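This report describes one protein chain for a reader who is new to structural analysis. Please examine the sequence and the structure shown here before reading on.

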Amino acid sequence: MDVRSTKNYMFWLFCQFELITCSYLMEPWEKVLFYSFNISLVGTLLYSAYACAAAHAGAALQLLGHCLGAQQGDPSAAAAAAVK
């Protein structure tokens, strides 16, 4: 895919976005408010997903380990139990 077709495809996607949201009917100052709100919303969503993903993954792994019967506390006790 060359640069020209990529540019045309991105323009086509932007036109589709404007048609779906009816933002082509807005005045320029309304578009600025609308696009800035959308960009800040997406940015907040991405940041919160990034910030909370590690905590949720850690809690899920801890719950999974608890459900599978992993030992909490001393790692040598868990290794000794695995050898038996």
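Is Phe34 buried, partly exposed or exposed? Phe34 has a relative accessible area of 22%, so it is partly exposed. Here buried means under 20% relative accessible area, exposed means over 50%, and partly exposed lies in between, with a 1.4 Å probe and protein chains only.

## Basis of the report

This is a predicted model, in which local features need pLDDT of at least 70 and side-chain atom pairs count only at pLDDT 80 or more, while totals for chains, interfaces and linings use all residues. Residues are numbered from 1 along each chain as its sequence is written, and side-chain values use heavy atoms, leaving out hydrogens and water.

## Overall fold

The chain has three helices and zero strands, and its pattern along the sequence is α-α-α. Helices (H or I, at least four residues) and strands (E, at least two) are DSSP runs, numbered from the N terminus. Of the 84 residues in the chain, 5% are buried.

An unreviewed UniProt entry annotates residues 32-53 as "transmembrane region"; UniProt positions follow the numbering used here, feature names are shortened, and annotations may be inferred rather than shown by experiment. This span is 100% helix and 0% strand, and its end C-alpha atoms lie 31 Å apart.

## Packing of H1 and H2

Two packed helices are described by the angle between their axes and the distance between the axes. Helix H1 (residues 3-21) packs against helix H2 (residues 28-67) at about 105 degrees, with the axes 14 Å apart. H1 is therefore roughly perpendicular to H2, a term for angles of 65 to 115 degrees. Axes are lines fitted to C-alpha atoms, for helices over the stretch in contact, and angles run from 0 to 180 degrees between N-to-C directions.

In this contact (heavy atoms within 4.5 Å), Phe14, Phe17, Glu18 and Thr21 of H1 meet Lys31, Phe34, Tyr35 and Asn38 of H2. The loop between H1 and H2 includes Cys22, whose phi is near 60 degrees, a positive value in a residue other than glycine. Cys22 is partly exposed, with a relative accessible area of 37%.

## Aromatic residues

Rings of Phe, Tyr and Trp (its six-membered ring) pair if their centres lie within 6.5 Å; planes under 30 degrees apart count as stacked, over 60 as edge-to-face and the rest as tilted. By this rule there are five aromatic pairs. The ring centres of Phe34 and Tyr35 are 5.8 Å apart and their planes meet at 50 degrees, so this pair is tilted.

Tyr35 is buried, because its relative accessible area is 18%. Phe14, Phe17, Phe34 and Tyr35 form one aromatic cluster.

Methods
Angles under 35 degrees count as roughly parallel, over 145 as roughly antiparallel, 65 to 115 as roughly perpendicular and the rest as oblique.
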